[in-house]
Amino acid sequence: MATTNSQTLTERQKGLAACACLMAQGDMERLEPAVRMALDGGVTINELKEAFSQLYAYTGFPRSLNALGVLNKVLENKQAGWQEGEPWTRPAEWDDAWKAYELGTKNQTQLSGQPFDYTFCPQDDYYLKAHLFGDIFAGDQLSAADREIVTVAALSGLEGVAPQLAAHKKGAVNMGNAQQVVDELCRWLGDEGYTLNTKWPKGERNPYGAYFIGQSYLADVGGGVMNVTFEPRCRNNWHIHHKQVQVLICVAGRGWYQEWGKEPQAMTPGTVIAIPAEVKHWHGAQKDSWFQHLTYHKDVQEGASNEWCEPVTDDVYDSLEKLTN
């Protein structure tokens, strides 16, 4: 059971966090390479089993089982450097409900910073103490500090759980992680594109979705400026802006911009691109990251229009993605 007093997020913690975040989102395609990254970075096979098992309490059994299925698939080509980890042993608390409840009460009190009793719903109060913080936390593969890294990362990947995320960010410190590590974890998840860490609105599903591969979202932020959010691998078709210049400003995540016949350009927060009129181009997210950019038009002439062309094929897109590997 590994612990750390480091003031900086370790590669092992990054591996656990990436896998937890992607599992929570149900993104099995991105989870597979993340599992390999975690194993390469020192996370053991048994630690990943424990993390995916614990997270059923936050994400549901279907996603827990799907993540374990991905791990099992990855292990079909097990690499020599990957560690099995400490043998799993059955917790004694599983055979004594009262011991599990006592352990859970202790863990929940430490995590919350004070005794916590959910009297509004005695059922959930018992489940939290006896099962989540009792039975599950009794496992010997992850420390309490590790478990909170995993939980914060998973909740960061979910929508509609802001109160729980805030509570577990505090709990992660109470369970032994440095505040700097928790803060760095949340920044890292956003910087690496595992989460959409931005103050700009995501908006609604893009009404121009027919001209995109993958899911995108559109928000009007005023002043003729639109915010476009791309899920990982999402990109728009090749297109041309006639009689107007389009400006792109990346505000979150990592993306691509490419003009016809030219090399692609990576876009990261702060990148600004002015696309001349009549230039055929496309833009979208990189394969492992959300991407968000503001866009507006300038030098608009009479009769300005937008012409949608052919999709950006997987062959073209995947050839660009090799540049990031």
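The exercises below concern a predicted model.

**Exercise 1.** Determine which strands stand at the edges of the open sheet, and why one side of each is left without a neighbour.

*Solution.* 
Step 1. The open sheet is formed by six strands, arranged in the order β1-β3-β4-β12-β7-β10 with antiparallel pairing.
Step 2. The edges are taken by β1 (204–205) and β10 (272–275); each has a single partner strand, so one of its sides has no neighbour in the sheet.
Step 3. R205 has Y217 in β3 as its bridge partner.

**Exercise 2.** Classify the orientation of helices α1 and α5 to each other.

*Solution.* 
Step 1. Helix α1 covers residues 11–25 and helix α5 residues 61–74; their axes come within 9 Å and cross at roughly 130 degrees.
Step 2. Angles over 145 degrees count as roughly antiparallel and those from 65 to 115 as roughly perpendicular. The two helices are therefore oblique to each other.
Step 3. The crossing of α1 and α5 is right-handed. M23, A24 and Q25 of α1 make the contact with R63, S64 and A67 of α5. These contact residues comprise three nonpolar, two polar and one charged.

**Exercise 3.** State whether the residues on the two faces of strand β6 are buried or exposed.

*Solution.* 
Step 1. In a regular strand, side chains alternate between the two faces of the sheet.
Step 2. In β6 (residues 239–242), H239 and H241 lie on one side, and I240 and H242 on the other.
Step 3. Four bridges pair β6 with strand β13 (residues 305–308) in the antiparallel sense, and H241 stands opposite N306 of β13.

Methods: Residues numbered from 1 in each chain as written. Predicted model: local features only at pLDDT ≥ 70, side-chain atom pairs only at ≥ 80, totals over all residues. Heavy atoms only, no water. Pairing = 2+ DSSP bridges. Axes fitted to C-alpha atoms, helices over the stretch in contact; angles between N-to-C directions. Parallel < 35°, antiparallel > 145°, perpendicular 65-115°, else oblique. Left-handed = near helix turned anticlockwise from the far one by under 90°. Contact = heavy atoms within 4.5 Å. Nonpolar A, V, L, I, M, F, W, Y, C, P; charged D, E, K, R; others polar. Buried < 20%, exposed > 50% of the residue type's maximum accessible area, 1.4 Å probe, protein only.
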